[in-house]
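The structure is shown first.

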Amino acid sequence: MKKILLPIDGSARSLRTIHMIKQTHPLQDVELTLLMVLPDQMHIDGQFERDRQLRKGTQELETFASLLEGWKVETVLLRGSPGPEIVQYAKEEGFDALAMTRSSRGPLRRLGSVAAYVVKNAQFLDLFILREADA
């Protein structure tokens, strides 16, 4: 069984990643983990705001997981810097692949900073990075 990590940020792009996985991988062949990384800004945000972000992130993960009814899905919510947290979690948990979309950044349509970090540092994984046009 292939373990696939899907970092999500609650955006429509994240929804397209889920649809791509559903179209390209039979549900009996994969275990999916939806991962959301909340920025850890304790020095800026107070505890009330951190708790609100945690509740919102948990709700978003549950909503995205509900789109994968019948699939083997786990949800994980972490705090920290998204790129490093995604790569570290993927390595520690032994994922086979990672699927995410990238945002378009200006006329050159470069990778966003999180996707660029993942591509550079997660070479131990099969990477599926969808462009906006692919998604």
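A residue counts as buried under 20% relative accessible area, as exposed over 50%, and as partly exposed in between. The model discussed here is predicted.

**Salt bridges**

Four salt bridges are found in a search of the whole structure.

Arg52 and Glu49 belong to helix H2 (residues 47–66); they are three residues apart, so about one helical turn separates them. Arg52 has a relative accessibility of 35% and is therefore partly exposed. Glu49, with a relative accessible area of 22%, is also partly exposed.

Helix H2 also holds Glu60 and Lys56, which are four residues apart, about one turn of the helix. Lys56 is partly exposed, at 43% relative accessibility.

**Packing of H3 and H4**

Helix H3 spans residues 82–93 and helix H4 spans residues 113–121. Their axes lie 8 Å apart, and the two helices pack at an angle of about 35 degrees. The crossing of H3 past H4 is right-handed.

Which residues of H3 meet H4? On the H3 side they are Pro82, Gly83, Pro84, Ile86 and Val87. On the H4 side, Val114, Tyr117, Val118 and Asn121 take part in the contact. Seven residues of this contact are nonpolar, two are polar and none is charged.

Notes:
Residues numbered from 1 in each chain as written. Predicted model: local features only at pLDDT ≥ 70, side-chain atom pairs only at ≥ 80, totals over all residues. Heavy atoms only, no water. Axes fitted to C-alpha atoms, helices over the stretch in contact; angles between N-to-C directions. Left-handed = near helix turned anticlockwise from the far one by under 90°. Contact = heavy atoms within 4.5 Å. Nonpolar A, V, L, I, M, F, W, Y, C, P; charged D, E, K, R; others polar. Salt bridge = Lys/Arg side-chain N within 4 Å of Asp/Glu carboxyl O. Buried < 20%, exposed > 50% of the residue type's maximum accessible area, 1.4 Å probe, protein only.
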